[in-house]
Amino acid sequence: MTVLDYRRPSSLSEATELLQDTDAVALAGGTDLMVAIRHRTVGPAVVVDLKSVDDIGDDIAVEEDRLVIGGRVVMSRLVSHDVVTEQFPALASAASVVGSVQIRNRATLAGNLCNASPAADTAPALLAHSATLTLASGDSGRTVPLSDFFLGPGATILNQGEVVTSVAVPIPTGPIGSGFARVTRRRGVDLASVSLVCVVEPSGRARFGFGAVGPTPLVAESTVEDLATDDGLDHLLSGTTPISDLRAGADYRSAMLRVHTRRALVAAMAQLRARS
Amino acid sequence: MSGESTIGLTVNGTRRSVTVPSSMTLLEMVRSRLGMTGSKECCSEGECGACTMIVDGEPVNSCLILAGEADGAVITTIEGIGNGGMTRLQASFLEAGAVQCGFCIPGMVVAASALLERIPDPTMTDVQEGLSGNLCRCGGYSRICAAVISSVTRGDTDD
């Protein structure tokens with residue numbers, strides 16, 4: 001394993017400057033990065049640890065109509081946070097099955113997104129909840145919808161030197177229901193073969209986030225009424241492109257995707273009724 | 001670029017200062033520089049939990065942490081559990097026959113200790129979830145989980 005240098009900047013401007021180096025990689029929890037360096041999918045690297053950068057938040061806070069999750073917040077914090085478990089149970093469920101206890105104590109939500117795995121566990125929930133990301137580089141920043149963030153496996157819109165400082169999710173103004181589904185070969189320490197989250201509103205609007213059924217996590221919308229038909233389901237899933245890999249065959253993925261999309265919708269509707 | 005740094009950390013209650021190369025993991029540092037070889041390196045990618053240590057109160061995979069990241073941290077390894085003697089948990093592992101080849105056991109004990117710290121009276125589901133990041137290639141899971149449960153149901157106390 002080759003780490004050319006390890007740096008721990010305390011400010012965003014310092015981090016941005018260090019990350020201009022073409023060998024530089026940003027480290028948050030390291031649960032994906034360290035494996036990539038060891039497997040040499042990331043070359044000899046200057047590791048820039050973001051854990052001491054004050055401008056990257058380490059809190060989960062309600063700010064007006066949004067829940068703002070700092071870029072340094074780890075999965076285990078997310079799982080045990082009251083607002084997350086009450087308002088965003090699908091996100092809590094997704095975060096609670098990332099890796100293992102040990103992994104969840106290190107892995108950050110922002111890092112899970114920046115790693116840009118098609119199977120990123122938390123992406124479907126965040127997509128279904130219309131999350132936005134705040135990105136920053138030096139003293140400039142921008143806010144983007146998560147649905148615009150992923151470009152392909154391992155690729156995002158982040159520019160050189162740019163980091164995710166926080167993830168924000170709008171807090172629902174009325175009752176909503178959510179359903180979460182994840183297909184894996186075994187319970188612990190496995191990547192999803194299919195994962196998805198459905199969020200339904202009283203209007204019948206149904207918004208889905210999908211993982212592991214395309215080159216990036218995907219978002220799609222429909223209505224409860226349309227999803228009662230096969231055509232409606234076909235249309236919802238038309239953007240997905242399941243492939244065969246070591247975890248599942250394409251046919252199995254497609255079949256599980258349909259079954260679990262329906263089940264998540266049913267679960268979300270039941271939760272909506274219970275909360276209305 | 002130096003490629004090397006000197007870090008200060010607390011390991012099992014003792015302050016240590018260590019000069020480490022940038023590529024060295026916390027696990028490698030503890031084993032090779034501090035001579036504590038109880039924590040094991042197995043998968044080296046955070047799947048097996050043999051390297052589990054408690055860092056700032058939380059169980060983590062020390063094979064995925066650079067030594068440099070541990071600057072300022074408070075760390076407990078398997079050597080720091082029981083303070084020279086055996087904890088009730090460790091005694092339960094022996095009584096339940098939970099140890100076969102033994103390679104996973106340091107990680108299991110550290111992960112189980114952290115679990116009991118968080119949930120003093122765990123259900124079997126809590127134990128299974130709490131140890132889901134620790135693999136036993138002997139397949140000794142049922143006795144390992146039973147040992148954790150019996151350590152809290154036996155009722156006697158740690159010395």
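The exercises below concern a predicted model with chains A and B.

**Exercise 1. Compare the radius of gyration of chain A with that of a compact globule of 276 residues.**

Solution. 
- Step 1. For 276 residues, a compact globule would have a radius of gyration near 19 Å.
- Step 2. Chain A has 18 Å, which agrees with that value.
- Step 3. For the dimensions, take the C-alpha trace of chain A along its principal axes; the spans are about 55 × 45 × 30 Å.
- Step 4. For the interior, count buried residues: 52% of the 276 residues of chain A fall in this class.

**Exercise 2. Describe the order of elements in chain B and decide whether the chain is as compact as a globular protein of its length.**

Solution. 
- Step 1. Chain B contains five helices and five strands.
- Step 2. Read from the N terminus, the order is β-β-α-β-β-β-α-α-α-α.
- Step 3. The globule rule gives 15 Å for 159 residues, and the radius of gyration of chain B is 16 Å, close to that figure; chain B is therefore as compact as a globular protein of that length.
- Step 4. The C-alpha atoms of chain B fill a box of roughly 55 × 30 × 25 Å along the principal axes.
- Step 5. Of the 159 residues in chain B, 49% are buried.

**Exercise 3. Characterise the side of chain A that touches chain B.**

Solution. 
- Step 1. Count the residues: 23 of chain A are in contact with 25 of chain B.
- Step 2. Assign them to elements: β1 (3–7), α2 (33–38), β3 (45–49) and α6 (101–104) of chain A each supply at least two residues.
- Step 3. Find the main contributor: β1(A) gives the most, with four residues.
- Step 4. Sort by class: this side of chain A has ten nonpolar, eight polar and five charged residues.

**Exercise 4. Locate the residues with the most contacts inside the largest nonpolar core.**

Solution. 
- Step 1. The largest nonpolar core has 135 residues.
- Step 2. A:Val197 and A:Cys198 have the most contacts inside this core.
- Step 3. The element that gives the most to the core is helix α3 (residues 105–118) of chain B, with nine residues.
- Step 4. Leaving aside neighbours within four places in sequence, A:Val197 is in contact with several residues, among them A:Ala90, A:Ala94, A:Phe180, A:Phe208 and A:Ala264.

Definitions and conventions: Residues numbered from 1 in each chain as written. Chains lettered and ligands numbered in written order. Predicted model: local features only at pLDDT ≥ 70, side-chain atom pairs only at ≥ 80, totals over all residues. Rg over C-alpha atoms; globule rule 2.2 N^0.38 Å. Buried ≥ 20, exposed ≤ 12 C-beta atoms within 10 Å, placed from the backbone. Contact = placed C-beta atoms within 7 Å. Nonpolar A, V, L, I, M, F, W, Y, C, P; charged D, E, K, R; others polar. Core = buried A, V, L, I, M, F, W, Y, C linked by C-beta atoms within 7 Å.
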